[in-house]
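Subject: Structure handover

Hello,

Here is the structure for you to look through. My notes on it follow below.

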Amino acid sequence: MKKTAFSATIDQLKEKIINGEWPPGSRIPTLQQISKELEVGVSTVREALRTLESQGNISIEHGRGMYVRNDPLLLEDPTANLKELENISLVKLLEARILIEPALAALSAERATLSQVKQLRELADSMVLQMEEGGPFLDTDLAFHRLIAESAQQPVLFRMMESIYPLLSEGRKHTNTLPHMRTKASNYHVLIAIAIEERHGEQARQLMYHHINDMLEALKK
């Protein structure tokens with residue numbers, strides 16, 4: 001799936017932190033300077049920086065400027081301890097997800113920016129279309145869940161999800177082979193995206209719970 005200007009901007013800004021161009025503690029250029037350098041709109045840059053802030057990588061101090069945090073989470077390796085989880089069962093992975101992702105969906109309904117809300121709908125609709133056309137949809141599926149975690153603006157929970165994304169990718173390849181699961185998943189995504197768009201936090205929470213629980217119950221049979 002082609003990257004949006006928003007997600008591409010986030011990746012470019014992250015790279016500046018990772019490669020040391022923006023070292024820990026340094027002041028970040030202005031919105032206008034970044035906009036000119038990356039050739040994207042100021043509003044796109046603003047939303048991308050807010051995302052980096054919610055992920056615990058930068059601080060936006062009104063009246064003072066924007067700074068890379070002294071301990072940006074981005075510089076930590078989220079998969080450093082992943083070897084310990086290599087043999088974890090898919091059931092155990094889903095049990096962990098069902099404790100975290102419904103809460104993230106509810107927070108997303110409260111905190112997602114308008115740009116993120118729009119992206120969630122686009123990803124949900126894209127997955128439905130990819131399903132109908134028989135095309136690959138795994139990346140779209142994972143991007144949807146990742147964006148919910150990101151838009152919840154809860155860096156601790158986001159990092160918890162980041163640490164299991166490699167496992168999540170492998171798990172989805174299996175759960176998507178379960179009877180009717182792909183169709184159910186795409187429909188759940190649309191309903192969750194609508195709940196978030198309408199700012200119905202509890203509805204988003206319940207839909208995400210049932211989405212994951214459907215996979216969990218199918219695996220237990």
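**Helix H8**

Helix H8 covers residues 181-197, 17 residues in total, and at 1.5 Å a residue should span 24 Å, which agrees with the 24 Å between its end C-alpha atoms. The expected span is 1.5 Å times one less than the number of residues. Helices (H or I, at least four residues) and strands (E, at least two) are DSSP runs, numbered from the N terminus.

This is a predicted model, where local features need pLDDT of at least 70, side-chain atom pairs count only at pLDDT 80 or more, and totals for chains, interfaces and linings use all residues. Residues are numbered from 1 along each chain as its sequence is written, and side-chain values use heavy atoms, with hydrogens and water left out.

Among the buried residues of H8 are Met181, Tyr188, His189 and Ile196; buried means under 20% relative accessible area, exposed over 50%, partly exposed in between (1.4 Å probe, protein chains only). After H8 comes Arg199, which has a positive phi near 60 degrees.

Strands E1 (residues 58-61) and E2 (residues 65-68) pair in the antiparallel sense, over four bridges. To count as paired, two strands need at least two bridges found by DSSP. Ile58 is opposite Val68 in E2. Three residues lie between the strands of this hairpin, and Gly63 takes a positive phi near 90 degrees.

Regards
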